[in-house]
Amino acid sequence: MGSMEKGRTIVGWAATDPSGVLAPQTFTLRNTGPEDVFIKVMCCGICHTDIHQVKNHLGMSRYPMVPGHEMVGEVLEVGSEVTKFKTGDIVGVGLLVGCCRSCRACDADIEQYCNKKIWSYNDVYTDGNPTQGGFAESMVVDQKFVVKIPEGMSPEQAAPLLCAGVTVYSPLNHFGLKKSGMKGAILGLGGVGHMGVKIAKAMGHHVTVISSSDKKKIEAVDHLGADEYLVSSDSATMEQAADSFDYIIDTVPVNHPLEPYLSLLKVDGKLILMGVINTPLQFISPMVMLGRKVITGSFIGSMKETEEMLEFCKDEGLSSMIEVVKMDYVNTAFERLEKNDVRYRFVVDVAGSDLQQP
């Protein structure tokens, strides 16, 4: 890791308190160390987790905080021991920038489950300096946590894949749910959910979108390619769908009952939780016992899975549905995201914005 002494001074948009309002701030990046990659940020996606962090919903926010963990940029400099990247490469950085490299998770190449992982922002490096995210001019990142963006994939389309894409790909991969012919459901049609539909369909699955109203039915079926659409508040159709799914990917980021969805699973079916929820969820045990059903969770994906997912999306011609905005619109974008008023991911054009101007 490079030294902070005489490091680069850059501009990023930071929150300074739980209001979550972002404004320009200067901060120092470390110099490029032997295994570091110095990256000019081109664009960065906005994830619901960014709202949780800047507003201290989880009670562990550190300020000032530059959010952003779906970053794509151009390599400007590499350290003397970097072998995977060269100047001019278009690369991505996701939610992690460090791990211990010696625990069971790290040895198994699932570093996202390392207990000493280092988040790309709202965390500290081993030297005590704070990490800062992708809503900034540039980043310095250890090469292990950098991925090459496949040729032909646009930066703004690639950015959401670094979180939303791999978050769906990883559990399908890990739980043996990639094979064609599976019957799955996506609960919640937001940034992660819409990529869930696209990726599952590309794997050959029969995909149902579950939502609380029929407002997104046309989008789900006609635009995203879902096979069916199920309104969770319609008890009759929910009852008809009982015991029908091999898995349900639950992307809802707020407290909600689990029992209605457990009833939709086949024997040995899996309810895979992905939404960050800071209040307890409840269910009665017979709902899982009487069908040997599984409630589990999954957290982003490994660096290896991220590389696999990007190649899968390239090969299948998959892209995210995005709305590109400038940095001076970011606070409005956060407000709209809280209201679920985006189809389906905001991406900030960082390189094309004047970061000095609020």
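Modeller: Let's begin with a term: buried means under 20% relative accessible area, exposed means over 50%, and partly exposed lies in between (1.4 Å probe, protein chains only). The model is predicted, so local features need pLDDT of at least 70 and side-chain atom pairs count only at pLDDT 80 or more, while totals for chains, interfaces and linings use all residues. Residues are numbered from 1 along each chain as its sequence is written, and side-chain values use heavy atoms, leaving out hydrogens and water.

Biologist: Thanks! Is Ile-300 buried or exposed, and with what relative accessible area?

Modeller: Ile-300 sits in the loop between β15 (294-297) and α10; helices (H or I, at least four residues) and strands (E, at least two) are DSSP runs, numbered from the N terminus. Its phi is positive, near 35°, though Ile-300 is not a glycine. Most residues other than glycine have a negative phi. As for accessibility, Ile-300 is buried, at 8%.

Biologist: What about Asn-340: what is its relative accessibility?

Modeller: Asn-340 lies in the loop between α11 and β17, and has a positive phi of about 60° without being a glycine. Asn-340 counts as partly exposed, with a relative accessibility of 37%.

Biologist: At roughly what angle do the axes of α4 and α10 cross?

Modeller: Two packed helices are described by the angle between their axes and the distance between the axes. Axes are lines fitted to C-alpha atoms, for helices over the stretch in contact, and angles run from 0 to 180 degrees between N-to-C directions. The axes of α4 (residues 164-174) and α10 (residues 303-316) come within 9 Å, and the crossing angle is roughly 105°.

Biologist: How are α4 and α10 therefore oriented to each other?

Modeller: Angles under 35 degrees count as roughly parallel, over 145 as roughly antiparallel, 65 to 115 as roughly perpendicular and the rest as oblique. The contact (heavy atoms within 4.5 Å) involves Gly-165, Val-166, Tyr-169, Ser-170 and Asn-173 of α4 with Glu-305, Thr-306, Glu-308, Met-309 and Phe-312 of α10. By those cut-offs, α4 and α10 are therefore roughly perpendicular.

Biologist: How many of the 11 residues of α4 are buried?

Modeller: The buried residues of α4 pack against α5, β13, β14 (265-273), α10 and β17. Among them are Ala-164, Val-168 and Leu-172. Helix α4 is largely enclosed by the rest of the structure, so its buried residues number nine.

Biologist: What C-alpha span does α5 reach, from first to last?

Modeller: Helix α5 (residues 191-202) has 10 of its 12 residues buried, so it is largely enclosed. Its cover includes α4, β10 (183-187), β11 (206-211) and α10. The expected span is 1.5 Å times one less than the number of residues. For α5 that expectation is 16 Å, close to the span in the model, 17 Å.

Biologist: Finally, which glycine follows α10?

Modeller: In α10, the buried residues include Met-303, Leu-310 and Cys-313. The buried residues of α10 pack against β9 (147-148), α4 and α5. With a positive phi near 65°, the glycine that follows is Gly-317.
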